[in-house]
Amino acid sequence: MLEVSYSIGGFTLRNQGRLGLKDEEELAESSPSSPSSSSSSLSSPTTTTAPVSIPASSTGTVVSQSLPYYDETKSFTERMDELLLSSSLRRENTLDGPQGDVICKRTSSISGARGAPFIVLPKEERFDPLRQKPRFAVDIGGTLVKLVYTSVSPPDSDGSTDLLLNFRKFQSIDHCIEFLKSSWPDRGSECYLNGTGGGSFKYAELIKNELGVAVKRTDEMLSLITGCDFLLRNNEDESFTYHHEAEGLERYQYKPIEEKAIYPFLLVNIGTGISVLKVDSPSSFTRVGGSTMGGGAFIGLGNLLTSARSFDELLLLAERGDHRQVDSLVSDIYGGDYNHLGLSAEVIAGSFGKCSNLNVRRAEGLAENAKEEDVAKSLLLMISNTIGQMAFLYSNRFDMKRIYFGGFFIRKHPISMRTLSYAINYWSKGSCEALFLKHEGYLGAVGSFLDTKEETK
Amino acid sequence: NGHLISLLSSQIIAMHTINELESALRNLDAAKNFSFDIGLRVIKVVYTSRIARHPAIVSKRLSKEGGTRLHCIHFPFTDLDKVCEYIAQKVRNLKGKTVQFTSTHSDSEQCVKTIRDTLGVTMERVNDMTCHVKGTNFLLGNILDEVFVYEHHNVDCRYFFKTCLHLSSIYPYVLVNVGTGMSIVRVNGENDFKYIGGSHCGGGAFFGLAKLLIGSADMDELLLMAEDGDHRKVDSLVCDIYGTNYNEELLGLPPDLIAGSFGKCSNTDFADQVKNDPEFRKDCIRSLLLMISNSVGQVVSLVVSSEDTDRLFFNGFMVRNHPIIMRTLSYAVNFWSKGSLQAHFLRHEAFMAAIGGMVLGKERIEKQGEVNIEKVSWREHYAGCSDLGRFVPRRPTDAAFRGEVLELDCADILMRPFPLLSSSVEYDPDTVDLNKDLAAREFWLSIMEDSVHNMCKKAIESQIDSPTAEERAHIVANKYLEQLKLLRDKHFAYGTCNVRNLLDLREQIFQEHEFDDPYKLQKKLENDLAVRELPNVIEALDSMDDVRERLARATKGLLAGNVFDWGAKEVVKLMEGSDQFTFQKAIDVIPDRPWLHDSLDEFLDETLAGNHKSIVVFVDNSGADVILGVLPFAREFLKLGSKVTIVSNLLPALNDITYGELLKVMEEVSEKDELIRRNTEQGRLKIMHSGQGSPCLDLRRIDSELCELVVEDAVDLVVIEGMGRALHTNFNAQFSVPSLKAAVIKTRWLADRMGGDIFSVVCKYEKH
């Protein structure tokens, strides 16, 4: 069995263990020291409690013991994802941000007492009925089922309550249905479940039979954009940047965006392939481009070239690898920097350049010696750099200031966020930053949740 | 399949024998200006040599020492030792010289050491980006049809060629080099260029990943597999992702579009199956090739979309002569740019960096008396080039890198587009594109095949004293027939196949085998005859009182003269017949008006209205044609007070008169004719040459002195005579001044095509 330890954000996670005490201490230290979170009135007051609530055994109640929210068998990536979702991010110490204009109704997502991460819904008339009657929405994708649903928070000291939007993820539709059975007791035949994603067609019949409610389908792309719009408007630390040089959660920093400055933006979705959407308003977007070299190519080629059996294993391999063993660097070709183009010696001139073993004079045959972790790293860099470059070029072409990345390739995995951030910085010569969305996987579900149109049968 | 691969791999022949070295590395005795380009698996070497000057050439501007030839050879990496030893053994005075080199090889040090130690030279590394730009400019500015577009679905010819001799009209352009990585450079001018982007996902990734995937990085094998494979077995397509409910209109993506390369392999079970079953190998290689070429095409399209140019040239070992890669790259560029960009390739880009290195090296050691490579024109020396050196695109399977050769001859003079063309960019000299016109191609190839023996007969006669003449003529015939056979199969071997380059190739092969001028004796004989006959023709004209009638008669004489042509089979029958074929008989051959193309009246009207004060006449054959046809015609214009410039070839071609011969004829004529003598002395009648040596006329490349002269003399009428110059080429040429195209159709086939009969007349006057 592969014994892997992985260091990220100050946490050391083992694939069999979970958040250690030492890490919690580190985290507790890091948060108050953050200059902006202590000085900004906008930051969430619950920052320091956030990560502690993740382990099922520590604080908070677990909804269903048979379906533990924090699952020992969950992969590292999934745990990382939940950890991030349940944390308040550090506000970037920036002078040029539109700090004064931030609207107070925005709230930060934190982990609630019931264990699932949530955000506080804004106090808007359209959400009032949900205090009496919760609404559920699912995004049924190829591998995961994402669920969002409302609940009312326990009363504050002054007796006021908040309406919460909770986020949950299930490995299969069956798990989701079981969860819904127990947590949606007052559902009736007049109720419906909002749904999007390919599975909303496929499982509509099953859901009707099991839960007795109809599925109200919403358009996939439109849901994605609507959800994205809602979260950017209402969740202060929704969009964040990744800073590898920092420690712990400090690596994830957010910069509040003025509502009117949200549009336009570029949304780069890295799934099996890549699609690049130019989003001009909550209701208007265009697919401006895409690429075939995305997550599918990474995992597909990774499966063919290494012993890794999953995306996580592949990323862990990549983390350990040294691409310089398989790539041709500028120094390999020019013996040092290539000053004429301003390329430093360490820049990759050609990915996998050393593997082709085209040089018949070289007897040792490097390709035979290529280690799988080096191959994984080179593959990751080749793909993420190309994605970064392409995204930057599209943003440049349409004069977009902000590029959001989403899709399973990113899914809160630091190494892919790191390489993408690096690529965007490199290609834009520092003029552009890669942005990520905290609830990236839930955009479709949130969009579907917000759809209140009467279903046309 | 495996059997096929091994069979084809055996064709990858290195240069094993001295014979092969000799035929590739020619003329080494006085070779200099060496430059090397050390690539991943091939090395390119470039040098210049001295060739004996053609004895028929007369020009003050040409060096007496002989001509300069540029040799470009690429050979397998493994042959470096042999090649260096051979060069060291052959070249005199190489020790201590500086040799330029560029390298994209990660282990170039060893090669540099080999070259340095074997040749005893100093090695100077030059900037490869500069070399790429210099080399590309050199190739574009000197070689016809250098640029091509790959059109996979074009049934006539997948290669569509373009000529960009006039560099200032193509700046700015973008140069994309796809080697180990990929770099994008914007070129604004001769020495002005900028790196605008690049990627490390290029050829290295293709070969590297292929090596890791299937254990081979053999180009031939990989490309064969890619052609054969089916990427849909391993890629996720749009329809795989969206299933049967996919609505094409919503996303605007066709269902068989690749959504994710290798997407199906992200399933571990399937990946295991792919790993273990060799059947999938070719599918993986195809998927890989598509993934990388798509990515390259996309990045290039995006980077170039913000540049103000659509001229996009690809080069680098990844694209070199590989139809499947050219196809996928062309597709990707077109797809991502929504049709606003087109990928262009260069026929000889393999030599770009090495040529650039030499140009750079020469700039540094500018010596007096030596040719400045960039300031004179060069032309492709077809006869010395090997198939690939000339660009014979091959199927990926036999893209073997043998020793391949490109040779260029220096014109020693600067050639420019003829300034009176209405557009030098749109001008295309050739009337028929034999790449597109199969019937015409078949006809011309047959004509050329038939002609070669007659040509050889003349050639042997011209060197009756030489004991080797017969043997050499035999070699010429075989070589030419072999080339024609190749052209039947790969008609795009010289770019656009046309009558012009079929004729040029024949001339070059004759010259290559020391038949500098097969028609020398014939021409002399006919010139002498015609000079003796001239006074009679002049007298007959001068005795006519009516100017209009006289000019009409002179024009008819111009056409009659053109009947005399050793290049036309029908006429050769007449001329070799028992009766003497006189000028009067030729006039009788001219049919009554109206002619096939007949704007004689308009031409006469305009001339007599005084609208043609300065004329230039491009002449054709020796003997009666130029002396009895053109000179009396010119005299009429001199009588009207116009200036006349007569332009001949510089180099011999068939029985066309050369500059040297024409000068000699004019001397003799001046003695007999007062009018011509006076006008010559007064500078009203000038003799010039075009700088060419072809039975056709390519107005893209005219001696710059002539170009200057026609502007200075304010030429207001361009006269082009003869089939080669006015029908096969330039028939559709548009000028900024009036023009007269005059020829007699002397081949049955062309007569049929043009809707006329044998000896039909074309007298096409256009007011512009």
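**View 1. B:Asp145, at 7% relative accessibility, counts as buried (under 20% relative accessible area; exposed is over 50%, partly exposed in between; 1.4 Å probe, protein chains only).** The residue has a positive phi of about 55° although it is not a glycine. B:Asp145 sits in the loop between helix H5 (128–142) and strand S6 (147–150) of chain B. Helices (H or I, at least four residues) and strands (E, at least two) are DSSP runs, numbered from the N terminus. The model is predicted: local features need pLDDT of at least 70, side-chain atom pairs count only at pLDDT 80 or more, and totals for chains, interfaces and linings use all residues. Residues are numbered from 1 along each chain as its sequence is written, chains are lettered from A and ligands numbered from 1 in the order in which they are written, and side-chain values use heavy atoms, with hydrogens and water left out.

**View 2. B:Asn93 is exposed, with a relative accessible area of 65%.** B:Asn93 is not a glycine, yet its phi is positive, about 55°. The loop that holds B:Asn93 runs between helix H3 (80–90) and strand S4 (98–103) of chain B.

**View 3. The peptide bond from B:Tyr171 to B:Pro172 is cis.** Its omega is near -10°. B:Pro172 belongs to the loop between strand S7 (159–162) and strand S8 (173–178) of chain B.

**View 4. B:Arg593 and B:Pro594 are joined by a cis peptide bond.** Omega is about -5° for this bond. B:Pro594 is in the loop between helix H20 (583–589) and strand S18 (597–598) of chain B.

**View 5. Domain 1 of chain B touches domain 3 of chain B.** An automatic or database domain assignment gives the bounds: chain B is divided into domain 1 (2–146 + 349–413), domain 2 (194–230 + 279–345), domain 3 (438–512) and domain 4 (520–766). In contact (heavy atoms within 4.5 Å) are 14 residues of domain 1 and 17 residues of domain 3. The buried area, meaning the accessible area (1.4 Å probe) that two parts lose on being put together, summed over both, is about 1300 Å² between these domains, and carbon and sulfur atoms give 51% of it. There are 2 salt bridges between the two domains, a salt bridge being a side-chain nitrogen of Lys or Arg within 4 Å of a carboxyl oxygen of Asp or Glu. The side chains of B:Glu512 and B:Arg26 meet in a salt bridge at 2.9 Å, N to O. Between domain 1 and domain 3 of chain B, 6 residue pairs (both at pLDDT 80 or more) are in polar contact. A polar contact is a pair of N or O atoms within 3.5 Å; within protein, one must be able to donate a hydrogen and the other to accept it, and residues adjacent in sequence count only if both atoms are side-chain atoms.

**View 6. Chain A meets chain B through 58 residues of chain A and 65 residues of chain B.** Together the chains bury about 5100 Å², 63% of it on carbon and sulfur atoms. The rule finds 1 salt bridge across this interface: the side chains of A:Arg309 and B:Asp272 meet at 3.0 Å, N to O. Polar contacts between chain A and chain B number 13 residue pairs (both at pLDDT 80 or more). Elements of chain A that each supply at least two residues of the side touching chain B include strand S15 (284–291), helix H8 (295–305) and helix H12 (372–397). H12(A) gives the largest share of that side, 11 residues.
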